[in-house]
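Welcome! Have a look at the sequence and the model below, and then we can walk through them together.

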Amino acid sequence: MSYIEIRDLDFSYNGKKKVLESINLQVEKGEWIACLGHNGSGKSTLAKALVGLLEPELGEIEIDGLLLTEETAYEIRKKIGIVFQNPDNQFVGVTVRDDIAFGMENLCVPREEMIEKIDFYAKKVNMLDFLDKEPTNLSGGQKQQVAIAGILAMQSEIIIFDEATSMLDPFSREELIKYIRTLHKEGLTIIMITHDINEALLADKILVLNKGKIEAFEETEKIMKKREVFVESRLELPIALDLANALESNGNATKIRKKLWEYALTK
Amino acid sequence: MGIRFNQVSYEYPSFAEGLYSAIRNINLEITEKNEFIALVGHTGSGKSTLAKHMNALIFPTSGSLEIYGNIITAKRNRKVKYNSIRKKVGLVFQFPEYQLFEETVEKDIMFGPMNFKITQEEAKKKAKEALNLVGLDDSYLSRNPYNLSGGEKKRVSIAGILAMDPDILILDEPTSGLDPAGRRVLMNLFQDINKKTGKTIVIITHDMDLVYQYFNRVLVLNDGNLIFDGEPEKLFRSEDLIKYHLDYPNTIKVLSHLNKELHLNLNIYQKTLEEALEEIKRGGLL
């Protein structure tokens with residue numbers, strides 16, 4: 001039994017067109033999964049189904065041995081946190097401190113413990129100096145860090161990043177990615193939805209969704225060799241791999257191809 | 001004519017830092033015809049503040065702007081026709097698709113032009129033209145904007161601004177949230193509009209690959225200062241990019257990696273995949 005199990009999942013918003021179809025997926029504890037797919041391929045719908053925000057038409061979701069139902073949704077949500085694309089849409093607190101506390105308040109964490117945890121996790125995401133600031137005065141990247149602190153404080157073990165870097169500038173993006181790496185090293189299970197192929201390359205495995213179905217789900221290095229998966233799903237490969245694929249395999253070209261592969265897959 | 005910035009600064013009070021300087025002493029000229037300009041800079045560098053000045057949504061706290069002959073300073077001037085400025089210079093905010101509100105695509109696109117005292121018939125005609133300009137056919141006119149895909153919504157919201165027939169079009173990160181294919185379709189569309197109609201287009205973006213491939217002029221803001229105004233390639237030949245929290249285009253990064261690792265002497269300044277491939281074949285002794 002895997003840590004996250006999705007079995008024969010179907011979903012549609014209006015009962016007609018299927019947004020997700022026959023999804024079968026197993027994720028092990030501590031894995032970092034990147035999820036790629038064109039606009040409307042079902043990535044965000046899958047994320048919402050995982051936390052029980054959307055109810056599947058057919059099929060089951062099981063997380064850490066717990067079958068997702070109306071009764072268990074509350075338990076399961078404690079295990080999973082989501083960081084959304086637009087950092088401005090997920091702030092509920094007046095200050096950074098309030099915001100980190102929000103999740104814990106809902107879980108009725110005792111006050112003493114809460115105060116301790118706020119400091120601990122704010123420090124962890126480098127936001128200790130900002131606890132009394134208003135979220136509006138933070139940069140996009142900082143807002144995402146605060147969202148992560150709130151999730152960690154709830155002792156979640158799985159974090160879903162739903163295009164969490166897409167509105168950030170390259171610098172803040174890199175900071176956030178660095179942080180995701182740390183979380184991965186610490187054993188958290190990470191599901192990262194993204195349009196950025198270079199970001200996806202950092203993950204252990206890549207899940208490619210195409211029109212609501214799984215096109216491929218494999219180790220990153222293996223899937224990168226399958227150009228057809230990307231073409232079929234209207235996705236782009238990193239430019240280094242496109243170049244490598246376009247070169248013949250002889251003499252100097254082989255050397256160059258090797259370097260291009262190394263470049264693309266360096267984490 | 002067009003837009004001219006004259007020592008423009010904009011400050012606003014902030015709880016955290018007292019007075020916050022969003023842009024400082026900006027001197028800049030944007031002509032009304034045929035320009036295709038990228039505006040880049042890290043988060044908080046002042047890009048959106050600069051853009052909002054361009055159609056007088058906000059006024060400089062010091063310095064002055066000239067927009068189509070109107071002088072804009074800190075003080076509101078009764079002689080200035082702000083309405084006509086906003087007709088000449090159209091501004092599309094980030095995620096414009098969240099601002100769609102009418103029940104049909106046609107009504108939504110008509111909303112803008114109707115504010116400029118034209119008849120219903122004329123507005124309908126403009127709506128249709130604008131819709132076609134963004135690559136959607138007439139069948140979309142009667143559709144509900146909420147049932148469109150993300151990419152389609154973006155196009156409809158851009159059509160809403162185009163229907164007002166501005167000379168200059170400014171778009172704040174129009175491609176964010178789109179997949180790579182959708183991004184290219186939209187960029188090709190802007191390039192097309194620029195070539196067909198001669199409208200000047202200014203696009204705020206973080207994507208340096210797009211900057212390199214599509215634009216011939218790039219403005220770089222850093223902490224509110226305009227630190228570069230010129231050709232993208234000249235910018236990418238500078239070593240300062242990292243200092244400004246900006247990235248190099250992927251072609252340049254990959255080719256310089258090959259140069260370093262294999263002691264090659266490739267010309268790294270290639271804009272597209274095809275050009276990069278040719279250069280590898282030429283300089284890689286294949």
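What follows is a set of questions and answers about this predicted model.

Q: How many helices and strands does chain B have, and what share of its residues count as buried?
A: The secondary structure of chain B comes to 10 helices and 10 strands. A residue is buried here if 20 or more other C-beta atoms lie within 10 Å of its own. By that count, the buried share of the 286 residues in chain B is 43%.

Q: Which strands are the edge strands of the six-stranded open sheet in chain B?
A: This sheet of chain B has mixed pairing and the strand order 6-7-8-3-9-10. An edge strand pairs on one side only, and that holds for two strands of chain B: strand 6 (89-92) and strand 10 (225-230).

Q: In which sense do strand 7 and strand 8 of chain B pair?
A: Strands of a sheet pair through backbone hydrogen bonds, either parallel or antiparallel. In chain B, B:Ile168 has B:Thr200 of strand 8 as its bridge partner. Strand 7 (residues 168-172) and strand 8 (residues 200-204) of chain B are joined by five bridges, and their sense is parallel.

Q: What angle does the direction of helix 6 of chain B make with that of strand 8 of chain B?
A: Helix 6 (residues 180-197) of chain B packs on the sheet and touches strand 3 and strand 8 of chain B. Its direction and that of strand 8 of chain B make an angle of about 155°.

Q: How far apart are the end C-alpha atoms of helix 6 of chain B?
A: Helix 6 of chain B has 18 residues, and at 1.5 Å a residue they should span 26 Å. The distance between its end C-alpha atoms agrees with this: 26 Å.

Q: Within what arc do the buried residues of helix 6 of chain B fall?
A: The buried residues in helix 6 of chain B are B:Gly182, B:Arg183, B:Leu186, B:Met187 and B:Phe190. An α-helix has 3.6 residues a turn, so residues three or four places apart point the same way. Seen down the axis of helix 6 of chain B, the buried residues line one face, because they fall within an arc of 135°.

Q: Which exposed residues does the other face of helix 6 of chain B carry, and what covers its buried residues?
A: On the face of helix 6 of chain B turned away from its buried side are the exposed residues B:Asn188, B:Lys195 and B:Lys196. The cover over the buried residues of this helix includes helix 5 (150-162), strand 8 and helix 7 (208-214) of chain B.

Q: Where is B:Asn34 found, and is it buried or exposed?
A: Most residues other than glycine have a negative phi, and most peptide bonds are trans. B:Asn34 has a positive phi, near 65°, and is found in the loop between strand 2 (18-30) and strand 3 of chain B. Since 12 or fewer C-beta neighbours make a residue exposed, the 12 inside 10 Å of B:Asn34 mean that it counts as exposed.

Technical notes: Residues numbered from 1 in each chain as written. Chains lettered and ligands numbered in written order. Predicted model: local features only at pLDDT ≥ 70, side-chain atom pairs only at ≥ 80, totals over all residues. Helix = DSSP H or I, 4+ residues; strand = E, 2+ residues; numbered from the N terminus. Pairing = 2+ DSSP bridges. Contact = placed C-beta atoms within 7 Å. Axes fitted to C-alpha atoms, helices over the stretch in contact; angles between N-to-C directions. Expected span 1.5 Å × (residues − 1). Arc of directions from axis to C-beta.
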